[in-house]
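Let's take a walk through this structure, one side-chain contact at a time. Keep the 3D view open and follow along.

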Amino acid sequence: MSRALDANLKRLLQDETSKDVYDAISHELSQTYSHYIDIELLPRGYELESQNTYFLKEEYRLAIPKVCLVQAFVVARQLLMSHLNKPGRICTRDVRKATSVILLVDSEHLTAANTRKRLLLQQTRAAGEKRTELDREAYFVNSLLSSHLHRHTKSPVLWGHKHWLLRQYIEAQLPVNLTQDFDKVIYVAAERHPKNYYAWTYARDLVASRAKVDADCGAEQEEELVNTATKWCRLHHNDISGWSFLLHLALGFPRHAQNTFSQTARLVQTYSWRGESVWHFLRNLVLVPALRENQETRQAFVDLWHSVRQDVRDVQSLDAKVLDRALAWTEIPGISGDVSADSGMEMISR
């Protein structure tokens, strides 16, 4: 994609209003609401009603024209470079505002992300003030990760920054709201950018660290995590990354493995799901230690396989290959020869 600027954009960047645009956008990005800011970029050529209006706003929702964002970026970059060349020349608040605009434009701007890390580390505050600073940073990062910004929802730099923030909470022995992190950030980002490896990797890290950041961590929370993850996978049954995370939970919380299998098997049979994502999950789930020696579960898998496979007539089709690979992977005695499709259907009907 060409990075050349047309004449109109060059003229706008040289306009004296660029500083006003930057001030308005950076101020808005520093606000906090009861909900994370939901940011969306308006297409090029979109004209705002008022000459002195640089974005559209409705409660926590923010829509910014791309041209205005580019104008703000130019000013923000100048401020960041001034700070890097001569630290202390620009106050911390202004540097934070500048980097927020830069990260909104370029989610992979590692220098801006690292600058924000240094600002947090340099501030030696009491426990209460440190919590406030970390919460404010987490709010901004979560807003970017959960907004309608395709690149940001799967940005390795932003998710890496969120990993780093989690480490800061743990070191400071500060609690983290796991439910909110899953419901408002991880699941949202995973939905807006399917197969979101970085979101689910963070989810694994959060589950592994839950005892350190949540004093109420226990069986009830484990059940809630499994239930919400199962629900998300049901609604996005072609997303293999979500199913892989659910398999991770089944390995970590083995007492929920049987119920997870039963719920998923019922859905697969009801809707005749043949996708590779769900069958990759099932074929591995029946082999986890909690289910491997369970004869009832093994038989249920056999019945389910026959029920779905009998409707696939073309042996060369993708569906047939997916199902046959699932069969071969499990290597459960009786699937390939001892149990016929007819007998499998009889078991299901009973």
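Start with Arg-283, whose charged end sits over the ring of Trp-329, 4.4 Å from the ring's centre. Keep in mind as you look that this is a predicted model.

The structure holds 12 aromatic pairs. One of them is made by Trp-159 and Tyr-202, a tilted pair with 5.7 Å from centre to centre and 40 degrees between the planes. This pair links distant parts of the chain, since Trp-159 belongs to helix α8 (residues 156-171) and Tyr-202 to helix α10 (residues 197-208), 43 residues apart. Both Trp-159 and Tyr-202 are buried.

Next, find Tyr-271 and Trp-273, an aromatic pair that is stacked, with 5.9 Å between the centres and 20 degrees between the planes.

On to the charges. Side chains of opposite charge can pair when their charged atoms come close. In this model, the count comes to 14 salt bridges. Among them is the one between Glu-28 and Lys-57, where the closest N and O atoms are 2.8 Å apart. Glu-28 lies in helix α2 (residues 18-29) and Lys-57 in strand β2 (residues 56-58), so this bridge ties together parts that are 29 residues apart in sequence.

Arg-96 and Glu-133 form another salt bridge, at 3.6 Å from N to O. Because Arg-96 is in helix α4 (residues 92-105) and Glu-133 in helix α6 (residues 127-146), the pair ties together parts 37 residues apart in sequence. Arg-96 counts as buried at 13% relative accessibility, and Glu-133 is buried at 11%. Arg-136 comes into the picture too: Arg-96, Glu-133 and Arg-136 are linked in a network of salt bridges.

Last stop: Arg-274 and Asp-319, whose side chains meet in a salt bridge of 3.6 Å, N to O. Arg-274 sits in the loop between α14 (257-271) and α15 (276-285), and Asp-319 in helix α18 (residues 318-330), so parts that are 45 residues apart in sequence get tied together.

Note on methods:
Residues numbered from 1 in each chain as written. Predicted model: local features only at pLDDT ≥ 70, side-chain atom pairs only at ≥ 80, totals over all residues. Heavy atoms only, no water. Phe/Tyr/Trp six-rings, centres within 6.5 Å; stacked < 30°, edge-to-face > 60°. Helix = DSSP H or I, 4+ residues; strand = E, 2+ residues; numbered from the N terminus. Buried < 20%, exposed > 50% of the residue type's maximum accessible area, 1.4 Å probe, protein only. Lys NZ or Arg CZ within 6 Å of the ring centre and 35° of its normal. Salt bridge = Lys/Arg side-chain N within 4 Å of Asp/Glu carboxyl O.
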